[in-house]
Amino acid sequence: MEIAHELSLWNLLINTDWLSKLVIGLLLIFSVFSWGIIFYKMKLLYSVQRSSEKFIEKFRQSNSLFQLAADIDPQTKEPTERMFLAAIREWRLSTSGKTLRRNSLDDRIIKVLQITLDEENQSLQKSLPFLATVSSTAPFIGLFGTVWGIMTAFQAIANTKQTSLAVVAPGISEALFATALGLVAAIPAAYFYNHLNARLGNYIGMLERFGEQFMVILSRHFDKTLQSE
């Protein structure tokens with residue numbers, strides 16, 4: 001019972017040396033920051049996907065793209081609305097008082113859509129590399145703590161010249177705790193990094209399809225213009 005009391009989690013954290021405290025603290029920080037990023041990104045991706053779906057539905061039902069653009073806040077942060085406004089802005093600038101070939105206008109708008117899409121993708125990707133870093137480095141940091149804990153156990157044996165459980169248990173406990181903490185930090189980071197990247201890829205695919213729909217509407221506009229001439 002005395003050994004069990006000495007090996008409680010609190011005593012383990014208090015009685016470890018400075019290097020073990022550094023390893024444990026670093027892994028705890030990694031874990032806390034990882035979960036913060038996970039919850040934030042899950043909420044963000046859910047929010048932007050819902051808002052984009054709503055806007056795309058309004059876009060499909062709209063009779064006037066210019067009126068739809070006028071109803072959008074110019075400072076909007078919603079990715080689909082930003083793509084749409086950028087394309088409409090380029091459409092107006094390229095056709096204002098100019099005779100522009102259809103292919104030239106198509107190329108300009110496609111570039112604007114792609115640039116805006118890349119900006120949104122880069123923005124949504126922020127902080128995800130941290131999860132990849134944690135998933136790849138946390139097990140090795142934990143392994144370092146494990147090796148150090150085993151070395152501590154052997155040092156205790158050498159100092160006391162005894163191999164009783166009371167002598168080796170603290171060092172072995174530190175080693176196992178560091179291993180477990182490394183896995184606790186790495187496994188969720190690895191899983192959610194892949195999960196969030198997959199969800200982000202699906203969302204970017206939805207934005208790309210929206211851009212293609214916009215280009216279809218632009219094509220119809222040119223067809224109507226040619227028929228009226």
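The legends below describe close-up views of aromatic ring pairs in a predicted model.

**View 1. Aromatic pairs in the structure.** The predicted model contains 13 aromatic pairs. A pair of aromatic rings is described by the distance of the centres and the angle of the planes.

**View 2. The pair W35 and F192.** The ring centres of W35 and F192 are 5.7 Å apart. Their planes meet at 65 degrees, so the pair is edge-to-face, since planes over 60 degrees apart count as such. W35 belongs to helix α3 (residues 18–61), while F192 belongs to helix α8 (residues 165–228). The pair therefore ties together parts that are 157 residues apart in sequence. W35 has a relative accessibility of 31% and so counts as partly exposed. F192, at 16% relative accessibility, counts as buried, because the cut-off for buried is under 20%.

**View 3. The pair F59 and F210.** Here the ring centres of F59 and F210 lie 4.9 Å apart. With the planes at 70 degrees, this pair is edge-to-face. F59 sits in helix α3 and F210 in helix α8, so the pair links distant parts of the chain, 151 residues apart. F59 has a relative accessible area of 2% and is therefore buried. F210 is also buried, with a relative accessible area of 1%.

**View 4. The aromatic cluster that includes F59 and F210.** One aromatic cluster is formed by F55, F59, F66, F84, W91, F210 and F214. Among its members, F59 is buried at 2% relative accessible area, and F210 is buried at 1%.

Notes
Residues are numbered from 1 along each chain as its sequence is written. This is a predicted model: local features need pLDDT of at least 70, side-chain atom pairs count only at pLDDT 80 or more; totals for chains, interfaces and linings use all residues. Side-chain values use heavy atoms; hydrogens and water are left out. Rings of Phe, Tyr and Trp (its six-membered ring) pair if their centres lie within 6.5 Å; planes under 30 degrees apart count as stacked, over 60 as edge-to-face and the rest as tilted. Helices (H or I, at least four residues) and strands (E, at least two) are DSSP runs, numbered from the N terminus. Buried means under 20% relative accessible area, exposed over 50%, partly exposed in between (1.4 Å probe, protein chains only).
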